[in-house]
Amino acid sequence: MVRNDLNSRLQELGIYNDFYYRKELKALMQMLGEYERLNCLLTGVHEGNRKMVAVTDRRIIVLFTALGGGDVKIIRRESVKTYRFDKKFLFSTLTIETNGGATFVFTNTQGKLKDLFDWAMKEPLPSAE
């Protein structure tokens, strides 16, 4: 994916102004597959660091970029057992639990993105061809 395509998708989702400046987008562009569709983007504090959570039609990508390095975790959407987005005026929380027993908790997320996140998680997975 190229930056113009990513910017266009962020504008379609109505979140361009919230994320256009994030340094994680460069890494995200390199990670997105040719036919993968970005459906939601948000940030939250996980394991003491602010991370970006990207929900695509196929997977959830958790990105952390820091000076001199970073960290990426991939969660296949079909392996998500449950998720819960607790929207509060301040300090909203996103929790994702996988079938493998891993739990990801993101605090201080953007509560205004709850509906977009719920929509992204309810979108059907692409059929295998």
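**A residue, its strands and the core**

Mentor: Let us begin with Lys51, which lies in strand β2. Please bear in mind throughout that this is a predicted model.

Trainee: Does Lys51 count as buried or exposed?

Mentor: The reading rests on relative accessible area, with buried meaning under 20%. Lys51 counts as buried because its relative accessibility is 3%. Leaving aside neighbours within four places in sequence, Lys51 is in contact with Leu42, Thr43, Gly44, His46, Val62, Leu63, Phe64 and Asp71.

Trainee: How many residues of β2 are buried?

Mentor: The strand is mostly covered, with 6 of its 8 residues buried.

Trainee: How should I describe the pairing of β2 with other strands?

Mentor: β1 and β2 pair in the antiparallel sense over 8 bridges, and Thr43 stands opposite Met52 in β2. These two strands, β1 and β2, form a hairpin with 2 residues between them. In that turn, Glu47 has a positive phi of about 55°. On to β3: β2 and β3 pair in the antiparallel sense over 4 bridges, with Ile61 in β3 as the bridge partner of Ala54. A hairpin through 2 residues joins β2 to β3.

Trainee: What is the corresponding description for β6?

Mentor: β6 is mostly covered, as 6 of its 7 residues are buried. It pairs with β5 in the antiparallel sense over 6 bridges, and Leu94 in β6 stands opposite Phe85. The hairpin of β5 and β6 has 5 residues between the strands, and Phe91 there takes a positive phi near 65°. Strand β7 (residues 103-109) also runs antiparallel to β6, joined to it by 6 bridges. Within that pairing, Glu97 has Thr103 in β7 as its bridge partner. The hairpin of β6 and β7 has 4 residues between the strands, and Gly101 in the turn has a positive phi of about 95°.

Trainee: Which residues are in contact with Ile96, leaving aside its neighbours within four places in sequence?

Mentor: They are Ile60, Val80, Thr82, Tyr83, Ala102, Thr103, Phe104, Phe106 and Phe117.

Trainee: How many aromatic pairs does the structure hold, and how is their geometry classified?

Mentor: The structure holds 4 aromatic pairs. Tyr20 and Tyr21 make an edge-to-face pair, because their ring centres are 5.5 Å apart and their planes are at 85°. Tyr20 is partly exposed, with a relative accessible area of 41%, whereas Tyr21 counts as exposed at 53% relative accessibility. The pair of Tyr83 and Phe117 is likewise edge-to-face, with ring centres 5.5 Å apart and planes at 80°. Since Tyr83 lies in strand β5 and Phe117 in helix α4, this pair ties together parts that are 34 residues apart in sequence. Tyr83 counts as partly exposed at 26% relative accessibility, while Phe117 counts as buried at 0%. There is also one aromatic cluster formed by Tyr16, Tyr20 and Tyr21.

Trainee: Where is Leu125, relative to α4?

Mentor: Leu125 is in the segment after α4. With a relative accessibility of 39%, Leu125 counts as partly exposed. Beyond its neighbours within four places in sequence, Leu125 is in contact with Asp57, Arg58, Arg77 and Glu78.

Definitions and conventions. Residues are numbered from 1 along each chain as its sequence is written. This is a predicted model: local features need pLDDT of at least 70, side-chain atom pairs count only at pLDDT 80 or more; totals for chains, interfaces and linings use all residues. Side-chain values use heavy atoms; hydrogens and water are left out. Contact means heavy atoms within 4.5 Å. Buried means under 20% relative accessible area, exposed over 50%, partly exposed in between (1.4 Å probe, protein chains only). Two strands pair if DSSP finds at least two bridges between them. Rings of Phe, Tyr and Trp (its six-membered ring) pair if their centres lie within 6.5 Å; planes under 30 degrees apart count as stacked, over 60 as edge-to-face and the rest as tilted.
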